[in-house]
Amino acid sequence: MPTPYQTHVGSFTRKSTFFWAAVGSTVGLANLWQFPYLASMHGGGLFILLYLACLLLVTLPLMVTEAAIGRYARHGIVLAMDGLIRSVKRSRAWMAVGRLSILAAFLVLSFTAVFGSIALAYVFFGALGRFSGAGDAEAAAILAGLVSDPHEYRMFMGWHIFFLLLVIWVSAQGVVKGLERTLRVVVPGTLVLMLVLFALAVWYGRLDGAVGQILAMHPEDLSWGSLKAALFHAFFTLGLGMGVWAILGSYTTPHTRLKRSVLAAVLMDTLVAIIAGLMIFAMATDGNRFDGERGFSLLFVSMPVTLAQLPASQFVIATVFLVVVLIVWATSLNLLEPIVGWFREWTGAPRGLSLVLIGLAVWLAGLASLLSFNVWAQERVGGAIIFRWLELVTGGLLIPLAAILIALFAGWGLTRHLSITMLGSTPTLFAGIWLWVMRLVSPLVVAWIGVQYTAFSLSNLCDNGSTAVWCESPVTLLSRDRALPLEAPAQARGPAESSGGGAVGNETVPTVEQSPPAENDKKGKSGEKTPKEDDILYHSV
């Protein structure tokens with residue numbers, strides 16, 4: 001029986017658990033509803049290589065740094081920063097790193113649980129045959145009925161509570177009996193189910209067409225926008241800046257090879273994204289119906305319609321959305337852990353009480369997002385619903401700022417000796433490269449990502465009719481330049497904000513609004529689509 005390596009907040013008992021937890025944290029909805037789209041639009045296999053380069057050179061070192069801080073201090077990000085600040089006698093202002101990280105994790109978890117509740121409802125919708133014989137109009141109406149109908153929001157709230165209880169129930173069992181055991185079952189189980197669905201897609205679909213979309217080299221599709229897309233996805237897909245890697249690092253056993261496990265998890269995340277892309281495009285048997293599709297419209301409208309054509313479609317649809325639920329469940333467990341760890345370290349409260357209080361707070365915060373899609377859909381601040389502001393603040397400000405401060409603190413705030421000691425056994429050349437990436441490369445790149453994300457988000461509000469003051473500002477005018485971004489943020493069409501809405505074909509459907517294709521269509525693809533006011537731009541899900 002393995003002996004736990006005890007810390008103040010808990011520990012794993014097996015060295016491989018960190019790998020499974022890391023995979024569960026990196027594999028998110030973006031692997032399903034964003035990466036396949038980006039690869040198909042930006043050069044296929046060339047985009048994948050570009051994305052891997054961005055991961056290895058820019059964002060992977062940040063991930064290693066945050067995990068190394070947690071492992072060295074054996075605490076969550078707040079107390080870890082406190083100990084390091086005291087040891088090198090730096091300004092207490094650096095404590096903002098931990099507090100920003102916890103706030104970002106809390107806000108992202110609040111709306112991630114909303115997405116999980118939609119996927120959970122779709123497992124039952126699929127199993128009960130709600131999508132049998134459904135077309136785009138019917139599938140869109142089902143999504144609108146769940147999410148956007150102001151008269152049915154209580155049902156949506158019920159699914160939301162159900163999903164949160166699943167997350168809290170696992171966490172309440174503790175680090176070993178809850179988090180470790182669940183992740184060691186759920187994450188491998190999810191990967192096995194994905195392989196089964198991939199085999200099904202290959203059997204009934206067109207793998208050759210999928211390979212042409214995702215893996216074939218299309219140099220004519222590469223552009224400056226492709227690099228920006230790769231950087232954005234590489235940054236947001238790893239769950240940086242939210243204290244997740246610090247708490248997972250603090251849970252590692254002495255025998256865990258941290259850097260090797262991190263690299264393996266990132267490569268597994270990329271492999272899952274590729275498999276998901278091949279699976280999705282292989283299913284597109286009716287004239288590549290998924291070209292240009294992403295986000296909610298792909299996952300909750302187009303996918304069920306296409307899957308409904310397969311034999312045993314009820315079982316297949318239920319299984320697909322079970323995979324989605326498992327992915328969001330693992331992500332949510334990892335997002336909850338740094339918040340619970342911080343609260344316990346700060347107050348000394350037992351885990352059960354901490355989870356009750358935090359779970360209640362997450363539920364209340366999640367209601368702000370949930371209700372902004374229906375009952376509060378007409379309540380605007382600066383032309384945007386509450387969910388949109390939560391997304392903008394976390395994706396454009398909190399997460400980039402926390403990541404920048406972590407990099408600067410590791411590169412400049414700590415002594416060189418302590419930085420290298422914290423990193424662990426590493427060849428001198430790689431240690432030197434890592435140090436200068438922390439000092440210069442990561443802070444500059446992440447700052448650029450944060451500015452671009454915020455500028456695009458604000459200009460997008462103006463495109464959707466906002467009359468806010470920034471709609472006439474120079475930064476908005478600059479971000480409207482289509483030569484700039486933002487093929488990078490995941491402009492995924494979200495749930496409709498009202499029950500009267502978009503058109504599909506010749507029918508009026510109360511759901512997701514359709515977006516016009518960009519002028520620079522490539523090879524007959526639908527091109528970049530202008531996001532609407534309720535779109536999901538990006539988040540670390």
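Predicted model: local features only at pLDDT ≥ 70, side-chain atom pairs only at ≥ 80, totals over all residues.
Helices here are DSSP runs of H or I with at least four residues, and strands are E runs of at least two, numbered from the N terminus.

Here is who meets whom, where contact means heavy atoms within 4.5 Å.

| Helix | Residues in the contact |
|---|---|
| α6 | Phe115, Ile118, Ala119, Tyr122 |
| α14 | Phe296, Phe300, Pro304 |

The residues of this contact comprise 7 nonpolar, no polar and no charged; nonpolar covers Ala, Val, Leu, Ile, Met, Phe, Trp, Tyr, Cys and Pro.

Now for helix α18 (residues 416–423): its buried residues are Leu418, Ser419, Met422 and Leu423, buried being under 20% relative accessible area with a 1.4 Å probe, protein chains only. They cover an arc of only 135° around the axis, so they lie on the same side of α18; the arc uses directions from the helix axis to the C-beta atoms. Just after α18, glycine 424 has a positive phi of about 95°.

Overall, the protein has 20 helices and 2 strands, and 63% of its 541 residues count as buried.

Residues are numbered from 1 along each chain as its sequence is written, and side-chain values use heavy atoms, without hydrogens or water. Local features need pLDDT of at least 70, side-chain atom pairs count only at pLDDT 80 or more, and totals for chains, interfaces and linings use all residues.

Note on methods:
Buried < 20%, exposed > 50% of the residue type's maximum accessible area, 1.4 Å probe, protein only.
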